[in-house]
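Subject: Predicted structure for your review

Dear colleague,

Please find below the structure that I am handing over to you. My notes on the charged side chains and on the overall architecture follow it.

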Amino acid sequence: MALSEVAISADGVVRRFGEVNAVDGVSLTVQRGEIYGFLGPNGAGKSTLTRILCTLLKPSAGRATVAGYDVDTEPGQVRLRAGVALQEAALDEQQTGAEMLALQGRFYGLSKKATKSRVSELTELVDIGDALNRRISTYSGGMKRRLDLALALVHDPEVLFLDEPTTGLDPVSRAKVWHEVRRLNDELGMTVFLTTQYLEEADELADRVGIINKGKLVAEGTPIDLKRAIGTDVVTVTLGGDALKARQTLEKLDLVERIDGSGETLTLSVSDGPSAISPIAVTLAQVSDVEVLELSLRRPSLDDVFLSVTGEHITDSSSTLGTSVSSHSQESS
């Protein structure tokens with residue numbers, strides 16, 4: 001891949017805290033114009049790597065670049081080309097949104113005229129609405145997130161880092177943030193590095209996903225490819241009547257690779273779920289003394305992928321750290 005096509009690269013990046021490797025030899029490449037979802041539970045190392053890429057932490061070993069500049073030796077160049085919205089928005093609640101945006105523009109060396117023009121563009125691009133001239137203390141959580149996103153965009157960065165941008169938001173506010181991220185990528189071609197512990201967020205937004213667990217990158221690919229790689233679709237059948245007879249009949253179908261479960265609920269592993277539904281239903285309809293109470297198809301999810309590569313569900317992994325998936329807590333690393 002040509003260097004001009006690379007927005008972010010990490011080569012064997014390590015970050016140690018005492019005896020602990022919070023990031024343990026991570027290597028990845030993000031293309032320009034790509035949305036890269038960095039998925040993992042709390043404490044996995046997501047925020048630590050993000051802070052390294054944003055020049056807020058130095059790597060203990062390895063090398064990383066953003067927009068072609070080394071994060072360790074050329075941090076100033078990286079900061080001019082990267083926009084950053086971290087988990088906790090650093091907002092002065094006594095200022096208005098417009099005042100904070102203007103101040104951010106001046107921090108990046110924009111003239112008053114250029115800043116005013118840029119703020120006008122951002123109010124069109126990011127849904128800040130009529131609240132722009134109100135004190136930030138009056139903003140909802142979703143409004144603060146969108147203002148923080150606008151602040152990260154004032155200097156028109158090449159690469160945007162979003163560290164768990166929707167943690168703690170209600171579903172409506174989360175959907176609005178998703179919409180803004182898509183617009184930035186679609187309309188401006190902006191590269192987005194998105195860390196998240198929400199499986200549906202990575203599935204919805206990311207062109208590619210990297211899964212980190214205990215500081216190591218354990219899987220990488222498009223959401224579709226990752227889900228395909230772990231195996232089969234699952235058809236769940238809830239039966240009334242002679243379930244054993246139904247099972248014995250289903251076992252004769254070539255399209256059924258495996259049957260699990262006992263009693264009235266069976267789970268059938270199949271390679272192509274949509275194509276298998278009809279033959280399964282027809283077969284069961286022909287079995288006497290059997291009634292189909294429910295028949296459903298489930299495609300593999302990113303949680304299934306996480307389970308496959310780590311041995312635990314992402315929600316289970318989060319809970320073992322004493323936090324929930326909707327926690328406001330910072331990562332322990």
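E34 counts as buried, at 6% relative accessibility (buried is under 20% relative accessible area, exposed over 50%, and partly exposed in between, with a 1.4 Å probe and protein chains only). The model is a predicted one, in which local features need pLDDT of at least 70 and side-chain atom pairs count only at pLDDT 80 or more, while totals for chains, interfaces and linings use all residues. Residues are numbered from 1 along each chain as its sequence is written, and side-chain values use heavy atoms, with hydrogens and water left out.

The side chain of E34 forms a salt bridge with that of R208, at 2.5 Å from N to O (a salt bridge being a side-chain nitrogen of Lys or Arg within 4 Å of a carboxyl oxygen of Asp or Glu). Because E34 lies in the loop between β2 and β3 and R208 in strand β9 (residues 208-213), the pair ties together parts that are 174 residues apart in sequence. Helices (H or I, at least four residues) and strands (E, at least two) are DSSP runs, numbered from the N terminus.

A salt bridge also joins E158 and R32, with 3.0 Å from N to O. E158 lies in the loop between α5 (141-153) and β7 (159-163), and R32 in the loop between β2 (20-31) and β3 (35-39), so this pair links parts 126 residues apart in sequence. Both residues are partly exposed, E158 with a relative accessible area of 33% and R32 at 38% relative accessibility.

In a further salt bridge, the closest N and O atoms of E204 and R182 are 2.4 Å apart. E204 belongs to helix α7 (residues 199-205) and R182 to helix α6 (residues 171-188), so the pair ties together parts that are 22 residues apart in sequence. E204 is partly exposed, with a relative accessible area of 44%, and R182 is partly exposed at 27%. Salt bridges with shared partners also join R32, R81 and E158 into one network.

Turning to the whole structure, the search finds 22 salt bridges. The protein has 12 helices and 14 strands, and 48% of its 333 residues count as buried. Its C-alpha atoms fill a box of roughly 80 × 45 × 40 Å, taken along the principal axes. Of the contacts (heavy atoms within 4.5 Å) with a separation of 6 or more, 70% are between residues 24 or more positions apart.

Yours sincerely
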